[in-house]
Amino acid sequence: MRNFLDKTPNIDFLKIKKQGYIVSTLLVIASLVIIFTKGFNLGLDFTGGTSIQVKFANRVDISQIRAALRLVNLQDSMIQEIGTEKVEYEIRVSLKKGKSSEIVQKVKKALKEKFGDRFEIRKIDYIGAVVGEELRKASVYSIVAVLVAILLYVGYRFEPVFAIGAVIPLFHDAIITLGIFALIGEEVNLAVIAAILTVLGYSLNDTIIIFDRIRENIKLRGKKNLLQLVNQSINENLSRTIITSGTTLFSVLALYLFGGESLKGFALALLIGIIFGTYSSIYVASPLVVDLDRFFRKKTAGEGKTSKAA
Amino acid sequence: MKTELKWKLIGVFAILVASIYFVISKPIKLGLDLQGGMSIILEVDVEHVIKTQYKQLAQDIRKKLKENNIDVLSLKVSEEKLIISLLDPTLNEKAYKVIKDNFPQVDVQISDGILNASFSQWELNRIKKLTVQQAVETIRNRIDEFGKLNANVSKLGERRILVEIPGVVDPDRAKAIIGRTAQLELLEVVDSAYSKEELLKRYPEGIPEGTKILEGIPEEINGQKVKEWFLVKDTPIVTGSQLKDARASVDSRGKPAVNFELTDEGASIFGEATAKLIGKRIAIVLDNKVVSAPVVRSRISKSGQITGDFTPEEAADLAVVLRAGALPAPVHILEERVIGPTLGKDSIDKTLKAGIAALILVGLFMIWRYAISGFISVVALLFNGLLIWATIVFLDITLTLPGIAGIILNIGMAVDANVIIFERIKEELKRGRTLRVSVEEGFKRAWDAILDAQITTLIAAFVLFQFGTGPLKGFAATLSIGTVTSIFTALFVTKLFLDIILGGKKSLKYAF
């Protein structure tokens, strides 16, 4: 049983490269549409405001909390359950409602009136408008910086064709992950951005290991039939891809299931990113290398002809 | 065993011992998200300081020009410069020279017969830097006075300050102590009234130059709440910077008050001024509010008293902030996070559970797939965990919740290098090579792929470290450390153990 992965398979991955392109393009477009129409559920880190996390001694319904907050005119605040036991909630109040210290006092007062001492404030976060704006900018900068740095590194270690082939899937992974977050309305906060950056590193990691095999095979047999070489390289690496993605998925899944509420969004982004990162290494990055290589070679060959004719 | 292997084994053993030593020598530093506490990011309003500096400069320039027999017609203070016009414009050149010679930190220009003076860029930068530095020191003093010695106060970027107080704190009291400017000023009172309108009515042409209107604090007189408004001279006689000491006390009516004492320099200035002001009122102004305005009965020099509607606790807190020094500029709270201690404990418990689950799953899988070698890679994985822990302690890195997540992610990724190598070895074995040759080839060929893969992860982690804040930095840090240590354990340690176990054997059942 344990040796079923030992046999090097001979799957023609690139036979369906067109379908791969279509699926990926559709996914990216769909993600962009969702992102632009539905928008993100941006976390406090980016919007600013006050968030108060409260844990009650016994089960409490959201409607009861809302009723309590009506006493201090904060009934339109966002109230979100944490976990599934109906004992812990996050109350988020927008910046427009006033100073954070006053809001915290108001919420405390309202809860005390309704629930007595049967609650505990677990966490208070306040983020000013300036910081939110800055964090938003810094997140975009950091994603761009990662992409540029990676482009340079891969361009240096491999050929330019590989660099492009490595970076385009990264956009693909990041956009789809964000698209899924927008679709299910999961909160996008700093931790999620961190997860996406990690996914970029991970997805690339996966791509590079296949590229490395392609490079090795090119050295052995030349570039003549790149398509076959790429297919062969993916096949040779398949057991590794399955195993590594598997072990990483195990770890992230453990984080998602047992890591507690504060890491849930973070673990989810990693989970989605790893799945699409693995997919994109095989179905986006590898075919891109083949096609880009063919395109550039045709072009240079064409130029060679014209120069000869002249 | 070969001598070379022996030395390598001794090396690995030495690292193991050193790691264990670090791990048990010092507890790991936990971030606020894990141990509970409060963190605040403040922004220093440096513009405010520059404005006050301009006011001070205006006063100094006026004085210097007078000494040189140059009469000033008007001297306007704006946000970024002084506009000086002289009674006799022919003296412009002379005034220019006087300012140039006496105030090297100032750039002067004459345009349209009017002198413009502004601080040089160098001076502005110096003021900004000094202000933030002073603010950091003042806040640190204040927190120290409150016995929170393990708090961290540090500069964050150009004009921001990060304050982290671990443990249980009363956020409101902490903010009041940290964020209070506590700018004490003693100002000459020109006029006063019980409403702003009434006061303004007396000056139909606008309030005189060099004065401003300040609000008093509400007081109860004959059972009615009233608030007095004051017209005061703009420039203070003395300020809190000339304060030597401040103590909580009680006033003549037995109510809480704060007594203060001036420095020798402050006392001599104040004495001189009060001698001239007998029969007039002096406003004691705290953060732009008049807390009291006693009438000067006689020359006062050294000490004074601030009375107001204080509770004993407020008086004590005020004495502390005055004693620790005024903030050189107002500060604004940009970000504030308070984490209760139970949440931190919950987080540790949960992530620890996740980590153990990940380790067991990955470990079992590796042994199932790679038998003896799989077991070796699990040992290497544990060793890697120990190394990460030791490095965190050694480099004094603060462990945060995302930091733990970084370590857990690492468990999955760290075996990657071993998987690449082992799969490679299996391939070689399939081609009919001997165990020895296959192992050597496997390690040699996998090297490039592993290096490229790990470097790209490092790039992502490095960028995250640059741009990230607080907890995210923790994630980037553990991820980077894990990436580096896993190269060592996956390539060097596993190879060593394999070499020892395989020895000279041509083949070994369940080796892979």
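Predicted model: local features only at pLDDT ≥ 70, side-chain atom pairs only at ≥ 80, totals over all residues.

Which residues in H9(B) are buried? I looked them up and found Ala315(B), Asp317(B), Leu318(B), Ala319(B), Val320(B), Val321(B), Leu322(B) and Ala324(B). Buried is under 20% relative accessible area, exposed is over 50%, and partly exposed lies in between, with a 1.4 Å probe and protein chains only.

Residues are numbered from 1 along each chain as its sequence is written, chains are lettered from A and ligands numbered from 1 in the order in which they are written, and side-chain values use heavy atoms, with hydrogens and water left out.

Entry on helix H9 of chain B. I have it as residues 312–324, 13 residues in all, reaching 18 Å from first C-alpha to last. That is close to the 18 Å expected at 1.5 Å a residue (1.5 Å times one less than the number of residues). Helices here are DSSP runs of H or I with at least four residues, strands are E runs of at least two, and both are numbered from the N terminus.

Entry on helix H13 of chain B, residues 470–502. Thr489(B) is buried at 3% relative accessible area. Leaving out neighbours within four places in sequence, I see Thr489(B) in contact with Ala380(B), Phe383(B), Asn384(B), Leu387(B) and Thr494(B); contact means heavy atoms within 4.5 Å. Is Lys495(B) buried or exposed? Lys495(B) is buried, at 16%. Not counting residues up to four places away, Lys495(B) touches Val439(B), Glu440(B) and Phe443(B).

Entry on chain A. I count nine helices and six strands. The radius of gyration is 25 Å, well over the 19 Å from the globule rule for 310 residues, so chain A is more spread out than a compact globule. That radius is taken over C-alpha atoms, and the rule is 2.2 Å times the number of residues to the power 0.38. The C-alpha trace spans about 85 × 55 × 30 Å along its principal axes. I also jotted down that buried residues make up 54% of the 310 in chain A. Among contacts in chain A with a separation of 6 or more, 79% come from residues 24 or more positions apart.
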